[in-house]
Amino acid sequence: MYSSLERKYQLIQKELMAGVVALAGVFLVGTLWYSLVEGWSLADSAYMTIITLATVGYGETHPLGNRGRLFTIALILMGVISIGYIVNRFTEAVIQGYFQEGIRLQQQKRLMESLSEHYILCGFNRTGRQIAKEFAAEGVPFAVIDSSLERVQKGQQEGYTIYQGDATLDETLIRVGVAKATCIVAALPSDAENLYIVLSSKTLNPLIRAIARASTEEALQKLQRGGADVVISPYITGGKRMASAALRPQVMDFVDGIISGTDRQLYVEEFLLDPSVCPIVGQTLHNAKLRPQTGALVLAIRRLDGKLIGGPNGNTILMPGDTLICMGTAEQLRILNRILGPIGSKQLRKPKTS
C-alpha cells in the first residue's frame, strides 16, 4: 500500500518515463526509416531524425521525394507531441513540487528505517495531536500514522514524523518500524480498528507495549483480551478527572503539573532495577540512601510480579526487576539515573514482562 503522496510522486515518474520512451521510439522509427527506406547511412539517418525532431530547420540531409517528405511531416508531429508531453509533465512536476516531495519521501523513508526503541502513534485526530504534543515535550522519538492526507500535511507542518497509511495493515506498521518499537498507541475513534492495531502489532512484535483507546466498556474488555497492555476510555477517564477536579482541585493541579507540560518544575519518572548494572539491588531503601544523595522521592515500587507498594518505607528491600516510581526535579532524576546504572530512558519504558 502506498500513500496518496507516494502515488502522486510515482505517477509523475511513470508519466515522465513514458514520455522519454515515446520520444526514444520516435527517434528509432525515424532513424530506421531513413536508413532502410531511403537508403541513407546510419549517421545521416540519425542526424536527419535529430534535426527534424528539434525543428532547427537545417534542411534535408539528402533530397527527399514526396513519400519521404510525408514521413518527415509525420515525424515532426510525433516529435512535437512527445516533447510537448514531456515538457508539460515536467513543468507540472516543478510547479506542484513533486520533485521536492520525492526528496522528502526518501528522507522520511531513511528516517523510518533508522528509528529504534521508538513510539508509534496511530491516529492524528484531536486525541492523537495531544498525545503527539506530550511525546514531543518529553523528547522521545515517535512516528505517527494517519490515513487522512489533510491531517498528514498538518502533522508535517508541525514537524512530526508522520506517515500516511492504514494503521490496521501489517505493511503500514512494518514501514514505521513496529518490530523495533517500544510502544504503540492506538488512538483511532473506531474500537474495531484499534483492536486490529493491537492484534497486528503484538503479532509483529510480541514485546511491544500496546495502549489503546476504547469508546465503550465492552470494547475495553475486548481490547484487553486482544492483548492491549493498557486500555483507556476518554469518557471514563475524563469523567473521573472532572470529578477529581471538582472534589480535590489542588491535588489535580499538582498531579497535572508533574505528569504533563513543558514548563514543569517537578517530574515523575520510572526506573527499572537491572541487577546486572544496578548497585543497590538487594539493599533496603534506607541503606540505598537515594533521597539523601539525589533529593528525589521514591513514591512507589512495582514488583516484578505486578504488586505495587505505595509509599515504601526504609525497610523495603529493593528486588531485581523492581520499577521505582520517583518524583523530583530534572537534575535530581538525572543524578538518580546515574546512580541506578546508569539506565537509559529506552530501557525505562520497556513493557512489563509479567
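**Entry 1: Thr-294**

I looked up Thr-294 and found it buried, at a relative accessible area of 7%, where buried means under 20% relative accessible area with a 1.4 Å probe and protein chains only. Before going on I noted that this is a predicted model, in which local features need pLDDT of at least 70 and side-chain atom pairs count only at pLDDT 80 or more, while totals for chains, interfaces and linings use all residues. I also noted that residues are numbered from 1 along each chain as its sequence is written, and that side-chain values use heavy atoms, with hydrogens and water left out.

Thr-294 lies in helix α13, residues 290–294, a helix being a DSSP run of H or I with at least four residues, numbered from the N terminus. Its side chain reaches the backbone nitrogen of Ala-296 at 3.0 Å. Leaving aside residues up to four places away in sequence, I found Thr-294 touching Gln-332, Ile-335, Leu-336 and Ile-339, with contact taken as heavy atoms within 4.5 Å.

**Entry 2: Glu-15**

I then turned to Glu-15, which lies in helix α1, residues 4–37, and which counts as buried at 17% relative accessibility. Glu-15 touches Tyr-85 and Arg-89, again not counting residues up to four places away in sequence. Glu-15 and Arg-89 are 74 residues apart in sequence, yet their C-alpha atoms are 7.1 Å apart in space.

**Entry 3: α2 with α3**

For helix α2 (residues 42–53) and helix α3 (residues 66–96), I read that the axes come within 9 Å and cross at roughly 60°. That makes α2 oblique to α3, because angles under 35 degrees count as roughly parallel, over 145 as roughly antiparallel, 65 to 115 as roughly perpendicular and the rest as oblique. The contact is made by Met-48, Thr-49, Thr-52 and Leu-53 of α2 and by Thr-72, Leu-75, Ile-76, Gly-79 and Ile-83 of α3.

**Entry 4: α8 with α9**

Last, I looked up helix α8 (residues 191–204) and helix α9 (residues 217–225), which pack at an angle of about 10° with their axes 10 Å apart, and this makes α8 roughly parallel to α9. The contact is made by Asp-191, Asn-194, Leu-195 and Val-198 of α8 and by Ala-219, Lys-222 and Leu-223 of α9. By class, the contact of α8 with α9 has four nonpolar, one polar and two charged residues.

Technical notes:
Helices (H or I, at least four residues) and strands (E, at least two) are DSSP runs, numbered from the N terminus. Buried means under 20% relative accessible area, exposed over 50%, partly exposed in between (1.4 Å probe, protein chains only). A polar contact is a pair of N or O atoms within 3.5 Å; within protein, one must be able to donate a hydrogen and the other to accept it, and residues adjacent in sequence count only if both atoms are side-chain atoms. Axes are lines fitted to C-alpha atoms, for helices over the stretch in contact, and angles run from 0 to 180 degrees between N-to-C directions. Ala, Val, Leu, Ile, Met, Phe, Trp, Tyr, Cys and Pro count as nonpolar, Asp, Glu, Lys and Arg as charged, and the others, Gly among them, as polar.
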